[in-house]
Amino acid sequence: MYRASGLRIMQQLRRRTPAEIQGLQGAQAAPALPAFTFQRRQQQQQQQLRWTSTSTASGKHSSQQVATPPPRHDWNRAVSEAERIVGYPTSFLSLRWLLSDEIANVALHLRKLVGSAHPLMKTAKHLLYNGKNTMQAWGLIVLLVSKAAGHAPSVPDVEQDKSAGVLHSQRALAEVTEMIRISHLVHNSVVNLQSSTQAGQDVATYDDMSFGNKIGLLTGDYLLGHSSAELANLRNQEVVELISSAVRDFSESEFIGERDEQNNPLPYKPGTFQRPSLSVGVDFNEHDVMTPMPIAQVLGNPEEEWECRNILNAGSLLGKSCQASLKLAGQSEELQRHAYRFGKHLALAWQACLDAEPFQCPQLPLDVTFSLVSAPVLFHLEHDPGMYAQLEAGKQSVDNIDYDKIHKAILAGPALAKTKELQRKHTAAALAVLQHFPATDARQALENIILAMQDL
């Protein structure tokens, strides 16, 4: 059969002229790639900016730029690539921790709370959820800043983890940062069970709430105590003072403004404080971050009050941890201040992203609430002070507030747009500070994380 087919092909070739045979060979040798390349070139040209000339009513011509949406960045991919750069996953929820007896016992007791309404279960869900709401990236940020800045030549070789490009002490500091952060979140999950509160009078759920409080207190104390021991092992007094001041800031953030029975924060009544905005912005003393923040000077201004609350509650720890990591590396004071600013602005941009998340849908999902001192709420109170009357119902418990009604009112006003502008402001500030660091793969990984955060 193969022999007969070969004979038919030879007969067909004899009937063709040499020019036809040469053209046929050229056609067979040419791959089908040019057609594909042409189609792809057309697609790329369609994705580029297109300029259209439109005629205005006055008869003048103006050029209008029409651009396709920029590509979205994947948060999980950005974090995975960043972890590869610093060596391995940096979260304290690593194999070393998950296999420890203490964490195993905590997980065993947490199973008993499944199905209850204790806030500790919600906190555990956010900690273990491997998605855009993950809280496990703090240590990763510290290590990326450490690798991006490098270390002084005077650092001994025995202190260096050359495979990852960071110091062993910096990796320990990253774990300390995450342990302190997690302990703060777990401690905030404790429920007030005083007899004068609604939770204390609910006999049906009292046992579950009491058991959850015990687990939350023991877990938070264990993490905070272990982080203190690890911090002392660094044997650097300045670093210990920096991180200790961040723990102080956590406590100070709990005493700003009014609170309900469960210590949930409530906003100030519009018009209570009338103070001009700070010309230098909200922050600690640049040359001495150990000095407490002047809280009384920012109350009454929505943006500055929001920044004050969240710098104390989050930005202080991340910023001071980044600063402490460069102090361990023997870097200059100027570069340490840049590291602090980067951590602070990144934490604020991340918090603005979280604040805006519940308002991305036209309807508030079931069993979803939002903080009453989040940026959208504070901005809307500035726009419509009359909404404060609806918030007064939450002075006993924030559960008494009609969140759906407030959600619709905020979507109808300018507060969400101002919140997104606030996020862009701190995102741009964080990117600007990064330019003071050398151009490395670690710096690029930090930029990718910021861009991915913008697309959440």
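Which residues of the largest nonpolar core touch the most other members? Keep that in mind as you click around this predicted model.

**Stop 1: the core.** Select Ile141, Leu144, Val145, Phe342 and Phe437: out of 66 residues in the largest nonpolar core, these touch the most other members. Now zoom in on Phe437. Setting aside neighbours within four places in sequence, Phe437 is in contact with residues including Val145, Ala148, Leu326, His338 and Arg443. There's also a second, separate core of 36 residues, with Val282, Phe284, Ile295 and Leu422 among them.

Stop 2: To find its centre, select Ala137, Trp138, Ile141, Leu346 and Trp350, the closest to it of the 14 lining residues. Next, colour H8 (138-149), H13 (302-328), H14 (333-356) and H19 (441-454), which each give two or more residues to that lining. H14 gives the most, with four. By class, the lining of the largest cavity has 11 nonpolar, two polar and one charged residues.

**Stop 3: helix H4.** Select residues 75-85 and pick out the buried ones: Trp75, Ala78, Val79, Ala82 and Ile85. Look down the axis of H4: its buried residues fall within an arc of 115 degrees, so they line one face of the helix. Here's the general idea: an α-helix has 3.6 residues a turn, so residues three or four places apart point the same way. Arg77 and Arg84 are exposed on the other side of H4. Show H8, H14 and H19 again, as they are among what covers the buried residues of H4. Finish just after H4 at Gly87, which takes a positive phi of about 120 degrees.

Notes
Residues are numbered from 1 along each chain as its sequence is written. This is a predicted model: local features need pLDDT of at least 70, side-chain atom pairs count only at pLDDT 80 or more; totals for chains, interfaces and linings use all residues. Side-chain values use heavy atoms; hydrogens and water are left out. A nonpolar core is a set of buried Ala, Val, Leu, Ile, Met, Phe, Trp, Tyr and Cys residues joined through side-chain atoms within 4.5 Å. Buried means under 20% relative accessible area, exposed over 50%, partly exposed in between (1.4 Å probe, protein chains only). Contact means heavy atoms within 4.5 Å. On a 1 Å grid over the protein atoms alone, a cavity is a set of points where a 1.4 Å probe fits but cannot get out, and a pocket is an open set with protein on both sides within 12 Å along at least five of seven lines; lining residues have an atom within 4 Å of a point. Ala, Val, Leu, Ile, Met, Phe, Trp, Tyr, Cys and Pro count as nonpolar, Asp, Glu, Lys and Arg as charged, and the others, Gly among them, as polar. The arc is that of the directions from the helix axis to the C-beta atoms.
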